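User: I am new to this structure and would like to know what stands behind the terms used for it. Please take them one at a time.

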Amino acid sequence: MSEAVVSTLAIGMIGGAIRVGTPYLFVSLGECITEKGGRVNLGLEGILVMGAMSGYALSYLSGSPWIGLLCAAAMGLCMGLLHGLICSLPRVNDIAFGIGLMLLGTGLAFFLGKGFIQPQAPQLPALSLGSFIADPRWRSALSINALFPIGVLLSLLLHWGLRSTRPGLALRLVGDHEGTARALGYPVATVRIIATAVGGAFAGVGGAYLSLCYPGSWSEGLSSGQGIMAVALVIFARWRPLGCLAAAMLFGAAGALGPALQSIGISSGYHLFNAAPYALTLAIMIASCRPRQTLGGTPGELSLTR
Amino acid sequence: MTLNRRQFLASGVSAAAAGLLPFGAFAAERKLTIGALYVGPHDDYGYNQSHAQAVAKLKALPGIKVVEQENVPETVAVQKAMEAMIEEDGAELIFVTSFGYFSHAVKLAPKYPKVRFAHCGGLWQAGKDPANVGSYFGYIDECQYLNGIAAGHATKSKKLGFVAAKPIPQVLRNINAFTMGARSVNPEISTQVIFTGDWSMPVREAEATNSLADKGVDVVTCHVDSPKVLVETAAKRGVDVCGYHADQSVLAPKLYLTGAEWNWETVYKAYALAAQSGAPFANMTRGGLKDGFVRMSAYTAATPAKARTAIDGVKAKMLAGKFDIFKGPLKDNTGKEVIPAGTTLVQTDLKLESMDYLVEGVIGSTGA
């Protein structure tokens, strides 16, 4: 391969990892918080789509993308809260309710979003980190949306918060061993409801990234399962926020692989390369499957692994 | 399809009657319900919008009622939607607008021999498929050829980009026409094609546009259901763009060279009036620029003056029916001769509707 080809591919993958990976980052951080508290929220896909729609709609109606972003987060918070509250009722299965929430969220977003497919909403601004580089391609790859650094900061903050703060400890304990948490006087249900609601808000922001940054338009085919794949991603990241960051970048790069390879002339087998993120999800699930033992870092109360 | 003798005679009689009576004399009296199915939303700045706009015009015709359903996936859901339109709303003519709907229309047609299923795309074959299914399509490759001329005049890097959904004949024909139009300006120009794998893949379309721009491509166009994402991404990257399906100039006013647009109104009106008056169903409806099936977007400030002159020249020939895009000798991009010297495939030639190659100058392959 010539140097030009390598640089094109590198630009595509690095730029793509950031562009395509950011929604994965937010949704997986959200799912990470939720699962740390011992619940699984499969409804994040619905929350993501709802966040994308409401963020775009509000940005269009108000003229400010930041109001749209806040609205998407609030929408996610409400839907997460709903999941948290209902799953706190006795004998409610969080997986089943999550699937219900996913269908509700996508259906509702499609219904309410009908009028917002055509209008152009104001977009969140981008930061030009590469303005000192002469190559316009690198400049474009490094023209990073404001949400990506926020996501990186959040994952660092969560890493520290889960490890070294009292609320972080409470969350981990509630997720790991309900009995002990109760004996120590932590309000188990409340902690879980808060964790699920916050997780929902993260997913809402992830959705707003899709509609307000990249690709930056609301349509019904906008999400290609990012919300569902985030669940697999959290397992792959072993419930560590920094792991989520790395995994999201990897998935982003995998998503960018298909178009990038075709642009350098490797065009046969593009269906396979386009399916890379999904194949990666499967491969990760198989590789991390241990029939006889639970994974390190698994929250003990998780219904997925219990 | 199984027609019994009585039905056959009845249809023959009504067809004859329609020929004898002054056209439209009793057409205005008869009530007709028309169904239309779209694979995406009706306002997608693209394929579905082009159909929905034309269907909307039908509503103004006397006696015609329209039932529509959007976001119908190319699965058995199509059959259910069509059956509901026939059974509940009494639809007698259905516009089956997505390419992948065809097999479902063919399955349902024998059950409802009186309903006309008009499918957009070139799959219907006389003798093999039911007589109450038909196909209509426009030679939009003529507009893509003109797009190519605009791109050929605008490009500085001599590299063009084409974001396509699937390597089906219509798509390949557009890619080839676009490339040939550009190479009529300068034979050094090449077109890089990227297949996204499906009709609506917003993230992948944006990613494809970005990777084309990274590679130095400075004019892009597409064949996906909604070009909105491509046009917006191109605008962000400062890359010129040729539109497709509908007019997207408002999305990138400074970079929109021109565009290939559908004009289904002509076709839909003809189908509706025929169904209303009982005139025979046109199983094969085709047309290009000169038939008013397709049209070009208006020029913008971004359209180079030279390109305007060149496009107007070729367009005039196309409108007079004196221009053939596909003529020999033509090689595909592997060097194989696909049209021998001396052979000209006119636009109506059905061979063009089973195109399975990319011409010389296209970088990419049709294989999956």
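User: What makes up residues 95-117 of chain A, in helix and strand?

Analyst: In this predicted model, the span is 78% helix and 0% strand, and its end C-alpha atoms lie 31 Å apart. Helices (H or I, at least four residues) and strands (E, at least two) are DSSP runs, numbered from the N terminus. Residues 218-237 of chain A are 55% helix and 0% strand, with end C-alpha atoms 29 Å apart. Chain A has 13 helices and two strands.

User: What makes chain A as compact as a globular protein of its length?

Analyst: Its radius of gyration is 19 Å, close to the 19 Å that the globule rule gives for 306 residues, so chain A is as compact as a globular protein of that length. The radius is taken over C-alpha atoms, and the rule is 2.2 Å times the number of residues to the power 0.38.

User: Why is A:S263 called buried?

Analyst: Buried means under 20% relative accessible area, exposed over 50%, partly exposed in between (1.4 Å probe, protein chains only). A:S263 has 1% relative accessibility, so A:S263 counts as buried. Of the 306 residues in chain A, 57% are buried.

User: Where does A:S263 lie, and which residues is A:S263 in contact with beyond four places in sequence?

Analyst: A:S263 lies in helix 11 of chain A, residues 241-263. Contact means heavy atoms within 4.5 Å. Leaving aside neighbours within four places in sequence, A:S263 is in contact with A:T8 and, in chain B, with B:Q192, B:I194, B:S211 and B:K215. A polar atom of the A:S263 side chain also lies 2.8 Å from the backbone oxygen of A:A260.

User: How confident is the predictor in chain B?

Analyst: The mean pLDDT of chain B is 90, and 92% of its residues reach 70 or more; pLDDT is the predictor's confidence in each residue, from 0 to 100. Over residues 13-27 of chain B, pLDDT stays under 50, and the model has twelve contacts there beyond four places in sequence.

User: Which limits and numbering apply to these values?

Analyst: Local features need pLDDT of at least 70 and side-chain atom pairs count only at pLDDT 80 or more, while totals for chains, interfaces and linings use all residues; side-chain values use heavy atoms, with hydrogens and water left out. Residues are numbered from 1 along each chain as its sequence is written, and chains are lettered from A and ligands numbered from 1 in the order in which they are written.

Definitions and conventions:
A polar contact is a pair of N or O atoms within 3.5 Å; within protein, one must be able to donate a hydrogen and the other to accept it, and residues adjacent in sequence count only if both atoms are side-chain atoms.
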